[in-house]
Amino acid sequence: MATKAWKNVEKKVAKLTGGKRVGNRGVATQDVDTDGVPGVERFSIECKHSASLPAWLRDGYAQAQRNAPSGKQPLLVVHPKHSRTYYAILPLDILVEMIKQ
């Protein structure tokens, strides 16, 4: 039986963060366990795999990349209408590198 793409995503995220893939346990759990990983242990990681991201999200991040001055990491901040929450979008490897510094 072929490995499902979402399992591969969880494995890749576990490798990038230094955590361990939890796998399906029949109960609601995080996808990646980062206990004991300096800087990353504070996160409960849920992975989602999709054929594509919405065009507005890809375009927004591409704009952040184009507009970033040399030496600065692009960061896209999104805010759903009527929400108090703001979301930060950047590549996971960059986030992990920043956290572990």
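Analyst: Start with exposure. Buried means under 20% relative accessible area, exposed means over 50%, and partly exposed lies in between. The model is a predicted one.

User: Why is Glu46 called partly exposed?

Analyst: Glu46 has a relative accessibility of 47%.

User: What makes Glu46 and Lys48 a salt bridge?

Analyst: The closest N and O atoms of Lys48 and Glu46 are 3.5 Å apart. The cut-off is a side-chain nitrogen of Lys or Arg within 4 Å of a carboxyl oxygen of Asp or Glu. The pair therefore qualifies as a salt bridge. In general, side chains of opposite charge can pair when their charged atoms come close.

User: Why is Lys48 classed as exposed?

Analyst: Lys48 is at 71% relative accessibility. Exposed means over 50%, so the label holds for Lys48.

User: How many salt bridges does a search of the whole structure find?

Analyst: The search finds two. Besides Lys48 with Glu46, Arg21 forms a salt bridge with Glu10.

User: How do you know that Arg21 and Glu10 form a salt bridge?

Analyst: Their closest N and O atoms are 2.7 Å apart. The limit is 4 Å, so the pair passes. This pair links distant parts of the chain. Arg21 sits in strand β1 (residues 20-21) and Glu10 in helix α1, eleven residues apart.

User: What makes Leu75, Val77 and Tyr86 a nonpolar patch?

Analyst: Patch members need over 30% relative accessible area and no salt bridge, and nonpolar side chains are joined within 5 Å. Leu75 is at 46% relative accessibility, so Leu75 clears the area cut-off. Tyr86 has 55%, so Tyr86 clears the area cut-off too. With Val77, they form a nonpolar patch on the surface with about 320 Å² of accessible area together.

User: Where do Leu75 and Tyr86 lie?

Analyst: Leu75 is in the loop between α2 and β3. Tyr86 is in the loop between β3 (76-78) and β4 (87-89). His82 is found in the loop between β3 and β4 as well.

User: What is the phi of His82, and why is His82 called exposed?

Analyst: His82 has a positive phi of about 65°, although it is not a glycine. His82 is at 77% relative accessibility. Exposed means over 50%, so His82 counts as exposed.

User: What is known about the largest pocket?

Analyst: About 830 Å³ of space lies in it. Of the 23 lining residues, the closest to its centre are Lys48, Ile89, Leu90, Pro91 and Leu92. The elements that give two or more residues to the lining are α1 (5-17), α2 (55-67), β4 and α3 (92-100). The largest share, four residues, comes from α3.

User: What is the class make-up of the lining of the largest pocket?

Analyst: The lining has 17 nonpolar, three polar and three charged residues.

User: Where is Gln101, and why is Gln101 called exposed?

Analyst: Gln101 is in the segment after α3.

User: What is the pattern of the protein chain?

Analyst: Read along the sequence, the pattern is α-β-β-α-β-β-α. That comprises three helices and four strands. Of the 101 residues, 24% count as buried.

Terms used. Residues numbered from 1 in each chain as written. Predicted model: local features only at pLDDT ≥ 70, side-chain atom pairs only at ≥ 80, totals over all residues. Heavy atoms only, no water. Patch = residues over 30% accessible without salt bridge, like charges linked within 9 Å, V, L, I, M, F, W, Y side chains within 5 Å. Areas by Shrake-Rupley, 256 points an atom, 1.4 Å probe, with all protein chains shown as cover. Buried < 20%, exposed > 50% of the residue type's maximum accessible area, 1.4 Å probe, protein only. 1 Å grid on protein atoms, 1.4 Å probe; cavity = no way out; pocket = protein on both sides within 12 Å on 5 of 7 lines; lining within 4 Å. Points joined across faces, edges and corners; volume = space filled by probe spheres on them. Nonpolar A, V, L, I, M, F, W, Y, C, P; charged D, E, K, R; others polar.
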